Amino acid sequence: MSARVNLPLLPGTLDAAGRPATLGVMGGGQLGRMFVHAAQRLGYFTAVLDPDPHSPAGRVSHHHIQTGYGDADGLGRLAGLCAAITTEFENVPASALQTLSGCCPVAPGAAAVAIAQDRIEEKAHFTASAAQSGVTCAPYAVLETPGQLQAVPADLLPGILKTARLGYDGKGQVRVQDRAELAAAWAGLGQVACVLEKLLPLKAEYSVIVARGWDGRSVAFAPQRNVHVDGILAVTEVYEGNIPVVLAARSLAATKAIADHIGYVGVLCIEFFVIDDGSAGGALVVNEMAPRPHNSGHYTLDACDVSQFDLQVHALAGLPLPAPRQHSPAIMLNLLGDSWFDAAGQARSPDWQAVLALPGAHLHLYGKLEARPGRKMGHLTLTGADVAGVKAAARRAAEILGLPGLESA
Ligand code: ADP
Ligand code: MG
């Protein structure tokens, strides 16, 4: 076990073996990879725990522990290496984070991650913090027993049935029109714990990313406007005038209030819906939260003076949290494996030559060896001096790569 460290863990700090202090991350996906890059830029060593030998973060880290997330030996090795540990996905067992926190600072903590892992807990938490945050979630019912299925109020239909746990990118969700479809969908999901949410008339979707330190102080990025296609984020647009000022202010305040309510430490992303309620701007509804950097915050790497991953490192290590400043309008396009196949389903290489010739194009590929439809392979951020130029470049990139979502952005 490493000696208990005192925060801040300043860059350049050496460990007992004379090596730069090591920051650890549970999970080796692209979010972990970008955390590792940010940590290494400050001179830290990094350690990744992920069973996949080809994991995007494991490949670029000083240490890669290839065990399961609950493996006592793996967790012991990680704790032995690291001065502080974070997570890059919410389905890390909360008990593993609890165990690690006995050895070194862990942020976000097990309790916060446990809330984000379970839609039932998450909604209960949103409801509990509504007085402070000023927002509520979509009308919903918990579905854990056949009795609860019978008792579902009629006004929740049509709705979306979502598994309480392990859902992401629209997986573990079924849209249902009526009670018969609801019963069939729940049976199809194996009658696991679910929530049924009323299907809302969405005008727009936003997300807000906040970084909160051990001292309770927080900084946030400007709210992002997101477009999802088939439940997966396709486009994020961030520039002045893209979100009504009132809704931007309310979503920012709500995000900070929710983070405060759970004493959150680290980077937290909260997703919001804007629904048509007859008012000019529409009403804000809180959807879900991610206890980590978020796909909708990837534009911060190229359009802001500090990125969401920089702030993840700062928050974890107890370093100052500078308020981020966006220096360029930005549009981020997600690159799913679909772009690696032509219309006939034949494998192809996307036309990077043409994409990289576009002004303000920042291509990020995550080093995944196999492209599959729906798999997040990378993202492309377009930046520029003015919104019109960024939009033109984004439209051109979408054409070249055959990407959806921009037409409704
Ligand atoms: P995930 O964990 O897969 O991101 P979400 O709950 O965010 O799950 O749902 C994915 C997407 O499905 C949302 O971004 C939104 O576009 C749509 N969606 C989810 N819930 C609702 C709802 N109650 N009404 C309308 N659309 C919804
Ligand atoms: Mg979501």
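At 7% relative accessibility, Arg 119 counts as buried (under 20% relative accessible area; exposed is over 50% and partly exposed in between, with a 1.4 Å probe and protein chains only). The model is predicted, with local features needing pLDDT of at least 70 and side-chain atom pairs counting only at pLDDT 80 or more, while totals for chains, interfaces and linings use all residues. Residues are numbered from 1 along each chain as its sequence is written, and side-chain values use heavy atoms, with hydrogens and water left out.

Arg 119 has a charged partner: its side chain meets that of Glu 288 in a salt bridge of 3.1 Å, N to O (a side-chain nitrogen of Lys or Arg within 4 Å of a carboxyl oxygen of Asp or Glu). Because Arg 119 belongs to helix H5 (residues 119–128) and Glu 288 to strand E15 (residues 283–290), the pair ties together parts that are 169 residues apart in sequence. Helices (H or I, at least four residues) and strands (E, at least two) are DSSP runs, numbered from the N terminus. Glu 288 is partly exposed, at 21% relative accessible area.

The structure holds 13 salt bridges in total. Another of them joins Glu 197 and Lys 162 at 2.8 Å, N to O. This pair links distant parts of the chain, 35 residues apart, with Glu 197 in strand E9 (residues 194–198) and Lys 162 in strand E7 (residues 159–163). Glu 197 is buried, with a relative accessible area of 3%, and Lys 162 is buried as well, at 5%. Together with Lys 123, these two residues are linked in a network of salt bridges.

A buried charge of another kind is found at Asp 50, which has no salt bridge; the nearest side chain of opposite charge, Arg 375, is 9.4 Å away (Lys and Arg count as positive, Asp and Glu as negative; His and the chain ends are not counted). Asp 50 lies in the loop between strand E2 (45–49) and strand E3 (63–65).

Both flanking strands belong to an open sheet of four strands, ordered E3-E2-E1-E4 with parallel pairing (two strands pair if DSSP finds at least two bridges between them). E3 and strand E4 (84–87) stand at the edges with a single partner strand each, so one side of each is left without a neighbour in the sheet. Within the sheet, five bridges join E1 (residues 22–26) to E2, and Gly 24 has Ala 47 in E2 as its bridge partner.

Terms used
Chains lettered and ligands numbered in written order.
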